[in-house]
Amino acid sequence: MIDRIFLSRIFLLLALLLSALGAFAAGDDDIAWIADDRGCKVANPFPQPGESIKWSGSCQNGLADGNGVLEWFVDGKPFDRYEGTLKLGWAEGKGTLLREAGKYVGEWKRSLQDGNGRYDAADGSWYEGEWKEGQPHGYGQYQTPDGRLFSGTWQNGVYEGDMENDPNRT
């Protein structure tokens, strides 16, 4: 059996790492929009002072639309980079988000991780599996920085499984 306190700490860490993806986590309410130098707009759920963007793809009716690279800058310095599909200003379909804290590769819906994807954190931990509305949801696997592997079902970001596969276990 897995120590409940240890497991709670692992998933608190995972929740904190996943919150790092928040710049793309968006609902419909209170969404600001940000435009690049061409006037092409993108949904901006968490505006920051000194923020700007650059979109390499096409625009449709003033909104980023199609395949391309979306770069976020804060005070002129690179911050985030999204490579993939935008539809009417939202991350949609397949895409990759690169951040200092980690990398997500997978499916997006309305700028939230939704479908299948993998998040690799800078500390070596990762989650791979099903996502819904920006959180692990469904079957997935999570590996801790020390190599412990947890496989099972996730419900709205919370681990529901009880199976532990530890590759370092003898």
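These legends accompany close-up views of a predicted model of one protein chain.

**View 1. The whole chain, for orientation.**
The protein chain has 170 residues, and 46% of them count as buried. Its secondary structure comprises 1 helix and 15 strands. The accessible surface comes to about 9,200 Å². Carbon and sulfur atoms account for 49% of that surface. Take the contacts between residues at least 6 apart in sequence: 24% of these join residues at least 24 apart.

**View 2**
Strand β1 covers residues 32-35, and strand β2 covers residues 41-44. The two run antiparallel and share 4 bridges. The hairpin leaves 5 residues between the strands. Glycine 39 sits in the turn, with a positive phi of about 90°.

**View 3. The disulfide between cysteine 40 and cysteine 59.**
A search of the whole structure finds 1 disulfide. It links cysteine 40 with cysteine 59, at an S to S distance of 1.8 Å. Cysteine 40 lies in the loop between β1 and β2, while cysteine 59 belongs to strand β4 (residues 59-60), so the pair ties together parts that are 19 residues apart in sequence. A disulfide is a covalent bond between the sulfur atoms of two cysteines. Cysteine 59 has 36% relative accessibility and counts as partly exposed.

**View 4. Strand β8 and its partner β7.**
Strand β8 spans residues 90-99 and is mostly covered, with 7 of its 10 residues buried. Strand β7 (residues 77-87) pairs with β8 in the antiparallel sense. The pairing of β7 and β8 has 6 bridges. Glutamate 83 stands opposite threonine 96 of β8. The hairpin of β7 and β8 has 2 residues between the strands. In this hairpin, leucine 88 takes a positive phi near 50°.

**View 5. Strand β8 and its partner β9.**
β8 also pairs with strand β9 (residues 102-109), again in the antiparallel sense. The pairing of β8 and β9 has 7 bridges. Lysine 94 has glutamate 107 of β9 as its bridge partner. A hairpin of 2 residues joins β8 to β9.

**View 6. The largest nonpolar core.**
This core contains 22 residues. Val42, Leu70, Tyr82 and Leu86 touch the most other members. Several strands give two or more residues to the core, including β3 (51-55), β6 (66-74), β7, β8 and β9. Also in that group are β10 (112-121), β11 (126-132) and β13 (149-155). In soluble globular proteins, nonpolar side chains tend to be buried together.

**View 7. Alanine 121 and threonine 144.**
Alanine 121 is found in strand β10. Its relative accessibility is 10%, so alanine 121 counts as buried. Threonine 144 is 23 residues away along the chain. The C-alpha atoms of alanine 121 and threonine 144 are separated by 9.8 Å.

Terms used:
Residues numbered from 1 in each chain as written. Predicted model: local features only at pLDDT ≥ 70, side-chain atom pairs only at ≥ 80, totals over all residues. Heavy atoms only, no water. Buried < 20%, exposed > 50% of the residue type's maximum accessible area, 1.4 Å probe, protein only. Contact = heavy atoms within 4.5 Å. Areas by Shrake-Rupley, 256 points an atom, 1.4 Å probe, with all protein chains shown as cover. Pairing = 2+ DSSP bridges. Disulfide = S-S within 2.5 Å. Core = buried A, V, L, I, M, F, W, Y, C linked by side-chain atoms within 4.5 Å.
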